[in-house]
Amino acid sequence: MELRVPADPRHLATVRMMAQGVAEREGFAPDEVTDIVLAVDEACASLVHASVPGAVLTCRLSVTFGTLRAEVSTTTIAGGVPSQQSLGWRVLGTVTDFLSAWRYDFDPQRDVDRVVHIDFAKQAAHRIAR
């Protein structure tokens, strides 16, 4: 599932609701759903904070073999990935099983900006039956 919204804090609740709905529908335990929603919120909030005016925040969620993968991206002003020493990054690392951040150096819509991506995955503790 993919959701694109303006990179504005007012839209974070919508992204959180999508993450919660996907995690619940896919059979994640309540604590895992909470971790997923927290991770999506933190990743999105950190990118929204660094975004250029008028940017679009993209959040893509997929579930395969009991693992939810989230890919969050937007165009940022400086193009820097989040600091691994920041509290937000540490929170993300604590509630997820895999975490990475990277940037794509050329956005064809804006010559001077950078698209930053935060990707993470959360494995269900129990095997999700399908």
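R103 is found in strand 4 (residues 98-104) of a predicted model; helices (H or I, at least four residues) and strands (E, at least two) are DSSP runs, numbered from the N terminus. At 43% relative accessibility, R103 counts as partly exposed, where buried means under 20% relative accessible area, exposed over 50%, and partly exposed in between (1.4 Å probe, protein chains only). The C-alpha atoms of R103 and R114 are separated by 6.7 Å, with the two residues 11 apart along the chain.

Residues are numbered from 1 along each chain as its sequence is written, and side-chain values use heavy atoms, with hydrogens and water left out. Because the model is predicted, local features need pLDDT of at least 70 and side-chain atom pairs count only at pLDDT 80 or more, while totals for chains, interfaces and linings use all residues.

**Chain as a whole**

- The chain has three helices and five strands, in the order β-α-α-β-β-α-β-β from the N terminus on.
- Of the 130 residues in the chain, 41% are buried.
- Contact means heavy atoms within 4.5 Å; among contacts between residues at least 6 apart in sequence, 66% join residues at least 24 apart.

**Helix 1**

- Helix 1 has 14 residues and reaches 20 Å from its first C-alpha to its last, close to the 20 Å expected at 1.5 Å a residue; the expected span is 1.5 Å times one less than the number of residues.
- The buried residues of helix 1 are L12, V15, M18, A19, V22 and A23. Seen down the axis of helix 1, these residues fall within an arc of 125°, so they line one face of the helix; the arc is that of the directions from the helix axis to the C-beta atoms.
- An α-helix has 3.6 residues a turn, so residues three or four places apart point the same way.
- Exposed residues M17 and R25 sit on the face of helix 1 turned away from its buried side.
- Strand 1 (2-6), helix 2, strand 2 and strand 3 are the elements against which the buried residues of helix 1 pack.
- Just after helix 1, G27 has a positive phi of about 90°.

**Helix 2**

- The 21 residues of helix 2 should span 30 Å at 1.5 Å a residue, and its end C-alpha atoms are 31 Å apart, which agrees.
- Buried positions in helix 2 are E32, V33, I36, V37, A39, V40, A43, C44, L47 and V48. They cover an arc of only 160° around the axis, which puts them on the same side of helix 2.
- The face of helix 2 turned away from its buried side carries P30, D31 and H49, which are exposed.
- The packing partners of the buried residues of helix 2 are helix 1 (12-25), strand 2 (56-64), strand 3 (67-76), helix 3 and strand 5.

**Second largest pocket**

- The second largest pocket has a volume of about 170 Å³. On a 1 Å grid over the protein atoms alone, a pocket is an open set of points where a 1.4 Å probe fits, with protein on both sides within 12 Å along at least five of seven lines. Grid points are joined across faces, edges and corners, and a volume is the space filled by probe spheres set on the points.
- Its lining has 16 residues, of which S46, L47, P82, S83 and S86 lie nearest the pocket centre; lining residues have an atom within 4 Å of a point.
- Helix 2 (30-50), helix 3 (87-95) and strand 5 (114-123) each supply at least two lining residues, and helix 2 gives the most, with five.
- The lining divides into eight nonpolar, seven polar and one charged residue. Ala, Val, Leu, Ile, Met, Phe, Trp, Tyr, Cys and Pro count as nonpolar, Asp, Glu, Lys and Arg as charged, and the others, Gly among them, as polar.

**Single residues in and between strands**

- T58, in strand 2, is buried, with a relative accessible area of 12%. Leaving aside neighbours within four places in sequence, T58 is in contact with E2, L3, R4, E71, V72 and S73.
- F65 is found in the loop between strand 2 and strand 3 and is exposed, with a relative accessible area of 66%. Phi of F65 is near 50°, a positive value in a residue other than glycine. Most residues other than glycine have a negative phi.
- K122, in strand 5, counts as buried at 10% relative accessibility. Not counting residues up to four places away in sequence, K122 touches F28, E32, D35, I36, G66, T67, L68, V95, T96 and D97. The C-alpha atoms of K122 and V95, 27 residues apart along the chain, are separated by 7.8 Å.
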